[in-house]
4 protein chains.
Amino acid sequence: MAHVTRIKVRGYHLDLYGHVNNARYLEFLEEGRWSWVEERGDLAGFMKGGYGFSVVNININYRRPAFLGDELEILTSLKSLGNRSGVVRQVVRMAGTDTVVAEADVTFVVVSAKTGRAVPLEGEVRGLLAGLEADRSGEG
Amino acid sequence: MAHVTRIKVRGYHLDLYGHVNNARYLEFLEEGRWSWVEERGDLAGFMKGGYGFSVVNININYRRPAFLGDELEILTSLKSLGNRSGVVRQVVRMAGTDTVVAEADVTFVVVSAKTGRAVPLEGEVRGLLAGLEADRSGEG
Amino acid sequence: MAHVTRIKVRGYHLDLYGHVNNARYLEFLEEGRWSWVEERGDLAGFMKGGYGFSVVNININYRRPAFLGDELEILTSLKSLGNRSGVVRQVVRMAGTDTVVAEADVTFVVVSAKTGRAVPLEGEVRGLLAGLEADRSGEG
Amino acid sequence: MAHVTRIKVRGYHLDLYGHVNNARYLEFLEEGRWSWVEERGDLAGFMKGGYGFSVVNININYRRPAFLGDELEILTSLKSLGNRSGVVRQVVRMAGTDTVVAEADVTFVVVSAKTGRAVPLEGEVRGLLAGLEADRSGEG
């Protein structure tokens, strides 16, 4: 089951065309990921270990516009986890429906604050990701 | 030759880690596209014809972080133009160098304000895109 | 009693110094006002009547920084309502405490979409503001 | 003479009503202040000395909306400098005209990174502010 974060579209989210701006969706997705990691992951362990997430690619499809007052759900789950990077699957849809507004694959690495470099996703680090990995899912 | 827009990294562009936030890059890219269309395209013709651009996909790679005071160049050019959609190639690099900070393919359609639907990129619409098409380039 | 909206500080809210950026607080305040008007006001009546709120002044004090993970409450209430403008009082504080992070007076007028001009806050318009006026309070 | 920064209004600056959003103006003002300090101040000396600016109050009047394509000038100058705080005067106007879009007084203190506390604006710190002080002006 994907983690769900809810956001209501406000006037300051909109742009020229009266729908949510492209860049703003990336903040919605980031909100979803923070909420997901907080609930299912080991954020404290990550910080204590001196690790951080670093996004290396976002591939986002904008399916249909969202307007003022729309209630959105951001569904977040782990799509895959390799030795060097993982992919988070995120779907933005109209709350309580199957209508997809946007969907994205977000590829991340784990960076050591000490070296500033990506670390292999094994050993201690893999352990810190276990909670998210248990959450792996198909399509949100 | 790609169109070039320059942006200097300020404190309000940064996030938790002291580097430019992922979502902010999408605003940098949008700034680059507006500037490009304004200079090379026929924005007046577009508006007069009741057409607008609508982004349907952004695929962005984050190559290395940008920090306070960094001077960035956004290079924008047309990568391809089909019958239903086009792809804009955008590269963010450290000004005056070949160091790539981020790079993105931005896929767009042209929407008619009257119908709210994507229109074929032919006839009048294709003509309005001619200035951008002349600007087609390899890799920025 | 002031209306309360809760926001948790995320990485994308922060700036150079690791605390919530000045401009972002204005989005927090706007979120609070939308939520307040939605709950206590007559937003449907406003839109039906062709009216909109327009902010003419914001006077905000930044009392102490907010950091990653802080849970904030935005308290929103009507401070005063004159014949031409009103003042919304908003206080951002650490959730469940009296610690004030920021506080603002937001002065607004009501604008007619037809004329684009501010209208007197009387008659029909005053009636639409009744729900908010009932909510007038001292200090949030 | 006030320092001048130019910004062109883009689609992502706008909100629900098709004009520049209230919060976005604070980013425009911050852009103006960074540019001003960079040109007239001693940013390097500030950072070397472990000092930073901290905004404690912003009082902004929104005079008239700005729309897509408008070219704006942000005029920035020092309004006053006391022993504990200073006030920066910023005016946003339509480029090349006297038409004021917004105007703000921004009150700041200087904070020591070591102590996290505001320091008196005297001695070494006052010296670092000399370039900005020379720039003091009436109304931009």
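Student: How many residues of chain D are in contact with chain C, and how many of chain C with chain D?

Tutor: Two residues are in contact if their C-beta atoms, placed from the backbone, lie within 7 Å. By that rule, 15 residues of chain D are in contact with 15 residues of chain C. Before going further, note that this is a predicted model, in which local features need pLDDT of at least 70 and side-chain atom pairs count only at pLDDT 80 or more, while totals for chains, interfaces and linings use all residues. Residues are numbered from 1 along each chain as its sequence is written, and chains are lettered from A and ligands numbered from 1 in the order in which they are written.

Student: Which elements supply at least two residues each of the side of chain D that touches chain C?

Tutor: Helices (H or I, at least four residues) and strands (E, at least two) are DSSP runs, numbered from the N terminus. On the side of chain D that touches chain C, H1 and strand E2 (51-62) of chain D each supply at least two residues, and the largest share, nine residues, comes from E2(D).

Student: How do the residues on that side of chain D divide by class?

Tutor: Ala, Val, Leu, Ile, Met, Phe, Trp, Tyr, Cys and Pro count as nonpolar, Asp, Glu, Lys and Arg as charged, and the others, Gly among them, as polar. The side of chain D that touches chain C has eight nonpolar, five polar and two charged residues.

Student: In which sense do E2(C) and E2(D) pair, and over how many bridges?

Tutor: Two strands pair if DSSP finds at least two bridges between them. Strand E2 (residues 51-62) of chain C and E2(D) are joined by five bridges in the antiparallel sense, with Asn59(C) opposite Asn59(D).

Student: At what angle do the axes of H1(C) and H1(D) cross?

Tutor: Axes are lines fitted to C-alpha atoms, for helices over the stretch in contact, and angles run from 0 to 180 degrees between N-to-C directions. Angles under 35 degrees count as roughly parallel, over 145 as roughly antiparallel, 65 to 115 as roughly perpendicular and the rest as oblique. The axes of H1(C) and helix H1 (residues 22-40) of chain D cross at roughly 175° and come within 8 Å, and the two helices are therefore roughly antiparallel to each other. Asn22(C), Ala23(C), Leu26(C), Glu27(C) and Glu30(C) make the contact from H1(C), and Asn22(D), Ala23(D), Leu26(D), Glu27(D) and Glu30(D) from H1(D); by class, this contact has four nonpolar, two polar and four charged residues.

Student: How many residues of H1(C) are buried?

Tutor: A residue is buried if 20 or more other C-beta atoms lie within 10 Å of its own, exposed if 12 or fewer, and partly exposed in between, with C-beta atoms placed from the backbone. In H1(C), 14 of the 19 residues are buried, so this helix is largely enclosed by the rest of the structure. Its expected span is 1.5 Å times one less than its number of residues, and H1(C), at residues 22-40, reaches 27 Å from its first C-alpha to its last, close to the 27 Å expected.

Student: Is E4(B) mostly covered or uncovered, and with which strands does E4(B) pair?

Tutor: Strand E4 (residues 86-94) of chain B is mostly covered, with seven of its nine residues buried. Nine bridges join strand E3 (residues 71-81) of chain B to E4(B) in an antiparallel pairing, in which Leu75(B) has Val91(B) as its bridge partner, and a hairpin connects E3(B) to E4(B) through four residues. E4(B) also pairs with strand E5 (residues 100-112) of chain B, in the antiparallel sense and over eight bridges, and there Val88(B) stands opposite Val106(B). The hairpin of E4(B) and E5(B) has five residues between the strands, and in this hairpin Gly96(B) takes a positive phi near 75°.
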